[in-house]
Amino acid sequence: MAASNMKDVKRRIKSVESTMQITKAMQLVASSKMRRAKERAEAVHPFFESVFQVMCDVSRDHDFTSVYTKKKFKNSTLMIVIAGDRGLAGGFNHNVLKMAEARAEEIIGTGGEIRVMAIGKKAVEYFEKRSYDLTDRFPNIAEGIDLTDVMEIAENIIERFRLGDFDAVELVYTTFVSAMTQEPNQLRILPLENLDYIGDKHPSTIYDPSPEEVFDGMIPQYLCGMLYSAIVDSYASEQAARRTAMESASDNASEMIDNLSLLYNRARQAQITQEITEISSASINK
Amino acid sequence: MTPYNIKVLTPEKIFYEGSTEQIIAKTASGNVGILAGHSPYVANLVASELRIKIDGSFRSAAVSDGIIKVSVDGTVTILSSAIEWSDEIDVARAEKAKAYAESKMKEHASQKEFDLAEQKLKRALNRLVVAQKR
């Protein structure tokens, strides 16, 4: 191998090394963000469980009707899709967006109407390019998530649900199973069904002013808790996915560096051997 | 007064967990005071001041809409998406939210937007009022 070729190999090693520095850094950043996001995701549980418990209590203690438990009649659905704000997270965005699109097609296939609320820049970009009715866009809210923002989104949804803009709300997001696995998930959040009837009745419980009003008044808390936990869950998954992706990128880079170094050393040795041969043959011929 | 257990939860954290002697909260139908041994009770809270008596003196907190529940075993749970002790309220932020909501209401937008802005204004005003009681 000629000297110029050796220079090329040296340059490639340098460039792979600097890429590896970046992926290593991203991996570390993602793993520390993941840890914090996981803590936040876990902190929602007591709140959400209590809200859900009260809703179950109400529906167990009394027969009542609420607009939030009515079966749908118009077959018009609001689909809330939560994806990431950035790429370079392996299949994270792709998986959840594919699931959302498949679900949307399924609803349209059965003659339903669909509206999309996109949370996260990648979700916004994805649905803007396609022919769905994208009614709400919330890019860049997951990282520094603020409860008042989530409450506003929840109130907005409730207002439109009451006005009959849509009669079902579904959520597509990614749930954090473990640091290695994150799964896209879909669930229906409105109308409410399958409220648990387990437990004893407590007919003596006072609902002020009435069970119906208490139930309806709890819906904003329910929706807010649900959305908040889904956004935080999805954010933790994004960081976990990015960490894994960057870890394997770093591994690949270090493997590439090993191969290139071997190539470089062989070339260097070959060059030295050649030089020695040239010198010795020159001295013999003297 | 007999103390009893109370838990105040938000989606972000457990805001307060401990014992109290009395709670004064505002529900849709007016102020309620809860002492130990209250019968099971569930009500919605409106944006208001929540007062919790701890060791003989009341502490104030600004609560946005929420739920108050007295369980069968006598413990009280308060659930709210936003709650702050009066001495932790960010007045500048509340002022900003108030100004924003007012300008939104003057825009003569749709009824839906007006309602949302009105709720926002209510919450901001409540936080300002409670903040003055520190």
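Before looking at any helix pair I wrote down the handedness rule: a crossing is left-handed if the near helix is turned anticlockwise from the far one by less than a right angle, and right-handed if clockwise. I also noted that this is a predicted model, in which local features need pLDDT of at least 70 and side-chain atom pairs count only at pLDDT 80 or more, while totals for chains, interfaces and linings use all residues. Residues are numbered from 1 along each chain as its sequence is written, and chains are lettered from A and ligands numbered from 1 in the order in which they are written.

**Entry 1, helix pairs.** I took helices (H or I, at least four residues) and strands (E, at least two) as DSSP runs numbered from the N terminus. For axes I used lines fitted to C-alpha atoms, for helices over the stretch in contact, with angles from 0 to 180 degrees between N-to-C directions. Angles under 35 degrees count as roughly parallel, over 145 as roughly antiparallel, 65 to 115 as roughly perpendicular and the rest as oblique.

I looked between the chains and found that the axes of H4(A) and H2(B) come within 11 Å and cross at roughly 140 degrees. That angle makes H4(A) oblique to H2(B), and H4(A) passes H2(B) in a right-handed crossing. Inside chain A, H4(A) also meets H5(A), where the axes come within 9 Å at a crossing of roughly 125 degrees; this pair is therefore oblique, and the crossing of H4(A) past H5(A) is right-handed.

The expected span of a helix is 1.5 Å times one less than its number of residues. For the 74 residues of H5(A), 211-284, that should give 110 Å, and the end C-alpha atoms are 108 Å apart, which agrees. I still found a kink of about 30 degrees at Ile219(A), shortly before the proline Pro220(A), the bend being the angle between axes fitted to the seven residues ending there and the seven starting there.

Chain A is divided into domain 1 (3-27 + 247-284) and domain 2 (39-243), with bounds that come from an automatic or database domain assignment. I noted 53 Å between the C-alpha centres of the two domains.

Of the 134 residues in chain B, 36% are buried, which by definition means 20 or more other C-beta atoms within 10 Å of a residue's own, against 12 or fewer for exposed and anything in between for partly exposed, with C-beta atoms placed from the backbone.

Which residue has a positive phi of about 55 degrees although it is not a glycine? I found Asn140(A), in the loop between strand E3 (133-138) and helix H4 (147-162) of chain A, and with 12 C-beta neighbours inside 10 Å Asn140(A) counts as exposed. In chain B, Asp55(B) has a positive phi near 50 degrees and sits in the loop between strand E6 (48-54) and strand E7 (57-63).
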